[in-house]
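Dear colleague,

Please find the structure below, together with a short account of what was found in it.

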Amino acid sequence: MNKKVKLQDLGQKDYKETWDYQETLFADIVSQKIQQRTNPDLQTDNHFLYVEHPHVYTLGKSGDMSNLLLSEKQLEAKGATFYKINRGGDITYHGPGQIVGYPILDLENFFTDIHKYLRLLEESIILTLAEYGIASERSDGETGVWLGVGTPFARKICAMGVRASRWVTMHGFALNVNADLGYFDNIIPCGIKGKAVTSLHVELGRAVDEQEVKGKIIKHFTELFEAEMV
């Protein structure tokens, strides 16, 4: 079992380019797992990618196109792109001021439980937000991290959507840190009507150091997954 995770910060990178890169890393790990059958001493890799995307909307495989409220021309006018992708979940937005994390892990190095994987990803965000004095939590039946659950002011601060095959994960989470929330007005986020979104800078009333937030997420991720970042 290899608990070392290779950390890369890709900076700002096009969504499709990043997706293709994820697919390459994912395929490499699957190939390693196949080779493991005849070479049990071979270790499989784990990766954690940080990235910031230019404005883009993505629709999961179970998503509904009607949750995108813009035409192709309107997307173009807003400088945004759109992709249908192979993760779970419905529609979401990525853009500047948002920290996107893509763990590409062989879960057989950690545990074989997708439910646990999602809960620990959520927990790494919940613990990070707590360091800023923000109380966040899960919302029953709605993956991700929320504020004000059970109140008329419930709002999502972190979206999550993953894909897993042969216990290898891809896609991940998107935490709004200094995000322009106006772009969420063009979709029904995650297909959930009547629920708002928020960003850490809105909750704190000030701009937030994104590198600092990334460091805190990694700290909690490594503790929760008993991993070692390299």
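How many residues of strand β10 (residues 168-176) are buried? The count is 9 of its 9 residues, so that the strand is mostly covered; buried means under 20% relative accessible area, with exposed over 50% and partly exposed in between (1.4 Å probe, protein chains only). Strands (E, at least two residues) and helices (H or I, at least four residues) are DSSP runs, numbered from the N terminus.

This is a predicted model, in which local features need pLDDT of at least 70 and side-chain atom pairs count only at pLDDT 80 or more, while totals for chains, interfaces and linings use all residues. Residues are numbered from 1 along each chain as its sequence is written, and side-chain values use heavy atoms, without hydrogens and water.

Strand β10 runs antiparallel to β9 (residues 155-165), to which 8 bridges join it; strands pair if DSSP finds at least two bridges between them. Glycine 161 has glycine 172 in β10 as its bridge partner. The two strands form a hairpin with 2 residues between them, and arginine 166 in the turn has a positive phi of about 55 degrees. Strand β6 (residues 98-104) is also antiparallel to β10, through 4 bridges, with isoleucine 99 partnered by leucine 175.

Separately, an open sheet of 3 strands has the order β4-β3-β5, with mixed pairing. Because β4 (81-84) and β5 (91-94) stand at the edges with a single partner strand each, one side of each is left without a neighbour in the sheet. Strand β3 (residues 56-59) is joined to β5 by 4 bridges, antiparallel, and valine 56 has histidine 94 as its bridge partner.

Yours sincerely
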